[in-house]
Amino acid sequence: MPHLNWPTKSLPQPVPSALELDSLVYPHGQDYPLPPGDKGLVLPDNTLILGDNLAVMWALLPEYEGRIDLIYADPPFFTNRHYPARVGRGEDSRRPSDWQLAEGYSDHWQNIDAYLDMLYARLALMQRLLSPAGALYLHLDWHVNAYARLLLDEIFGPERLLNEIIWVYHGPSPIRSAFNRKHDTILVYTKSERYTFNVDAVRQPYDPVTIKTFAASPKAGFGKIPDLERGKVPEDWWYFPVIARLHNERTGYPTQKPQALLERIIRASSNPGDLVADFFCGSGTTAAAAVQAGRRFLAVDGAWRAVHTTYSRLAGSGAPFALLREARSAPDISAFEAYPPPRLEDRRVCLEPGLLDRLDAWEIDPAWDGRVFRSTAQAARPLRKGELAAELRLPPGTAGPVGVRMVTVRGERGQVILES
Ligand SMILES: C[S@@+](CC[C@H](N)C(=O)[O-])C[C@H]1O[C@@H](n2cnc3c(N)ncnc32)[C@H](O)[C@@H]1O
């Protein structure tokens, strides 16, 4: 079997991350244990982690080896570009000069060897983390897709390639000397030959022309009559519009993928209650789609903006989750000046416009214990139009200092403690 080799090829044994619990998020108070802390620390089924995914996966191995049912991976594509995030909401997408930009993530590499070093080590760990019926969906494009295929053949075995999915889309492009590059490739490998694939969960209606043809002539299709009622199994090429056209789900995080793409992957290759992981989670599309489909999620990213975008997105989704982070990886909370200060009035926390205007999201812990933030009410700036909520209510039955955490549109993080 051919192998891909490069001078620095190796499988490192990194130092596992020391992960700290940062917050427990109970979207709109759902499942918040009352009184808090009574039953000890119960971690929710869903986890978001801030940190480099190599050290994080290494740290997760003892608990998760062979236990993740589905992994979607959308790593940097080796474009040698920087991808800033857009901040602020509701701006005109046709006037890029008006956008405000902030740090997003970088896809710069010294050379292809450095990129392959990154990818190889992580793919090998993902293979170990997958359950026996699990699958990995690796999303790339023309830049390195051919190399990745060889790496996956080596790690999983060439017979474990299930599909090469082509995601096609439209969009403007400056290219004038070649055909427009408007497709990505998703390589799907399974851990074993006994893998999950729910074909009926992803069937699609037949094209109206096909339905009409078979209604007119049962002999069409050379005697093979499709089950027009049940619908067809999708082809291995998929059309979903890119996020620029789907303003309603656009978070401003760069290279965000459409949720519909992830929903199809999750419905096909996992079952309700399964654990779905994304170690390059970006804006949290996989986690959002997993919650929507009744699966558990494990989402990791090394960029703070990715994690706080995912955090705000999931806080609106109705599934409790824990935020863990590598020690000292999040911005310093104490460096932020919250002015005018938040006020506590009649079991409500209220923010004044001068502070509110600077914020992207905020949340409260009604019984701050000085260690883990338990968020029971959250407000995020709406993705399109609308105002950020200026007050959040404390749930009944809590007492003690109230923690208020805030993230500004530029990504700074702040915390204020109010004595009740
Ligand atoms: C293509 S984006 C993912 C976009 C995502 N699928 C979405 O829909 O928003 C790639 C992400 O990988 C993250 N990333 C790159 N290298 C990483 C690493 N070593 N550890 C953790 N995250 C990493 C980047 O910060 C970036 O958010």
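Predicted model: local features only at pLDDT ≥ 70, side-chain atom pairs only at ≥ 80, totals over all residues.
In strand β14, R348 is the bridge partner of E345; strands here are DSSP runs of E of at least two residues, helices are runs of H or I of at least four, and both are numbered from the N terminus. Residue numbers start from 1 along each chain, following the sequence as written.

β13 and β14 (residues 348-350) run antiparallel over three bridges, where pairing requires at least two DSSP bridges between the strands. They belong to an open, antiparallel sheet of three strands, ordered β13-β14-β18. Its edges are β13 (343-345) and β18 (391-393), each of which pairs on one side only. From one strand to the next, the twist averages 25°, with axes fitted as lines to C-alpha atoms and angles running from 0 to 180 degrees between N-to-C directions.

Now step back to the whole protein chain, with its eight helices and 20 strands. Its radius of gyration, 23 Å, is close to the 22 Å that the globule rule gives for 420 residues, so the chain is as compact as a globular protein of that length. Both terms are simple: the radius is taken over C-alpha atoms, and the rule is 2.2 Å times the number of residues to the power 0.38. Of the 420 residues, 38% count as buried, meaning that 20 or more other C-beta atoms, placed from the backbone, lie within 10 Å of a residue's own.

Next, visit R313 in helix α7 (residues 304-315). R313 counts as buried because it has 21 C-beta neighbours inside 10 Å. Leaving aside residues up to four places away in sequence, R313 touches T251, S283, G284 and A288.

S283 brings us to the ligand: of the 19 residues around it, F280, G282, S283, T285 and G302 come nearest, with a C-beta atom, placed from the backbone, within 6 Å counting as near. The shell divides into eight nonpolar, seven polar and four charged residues; Ala, Val, Leu, Ile, Met, Phe, Trp, Tyr, Cys and Pro count as nonpolar, Asp, Glu, Lys and Arg as charged, and the others, Gly among them, as polar.

Definitions and conventions: Buried ≥ 20, exposed ≤ 12 C-beta atoms within 10 Å, placed from the backbone. Contact = placed C-beta atoms within 7 Å.
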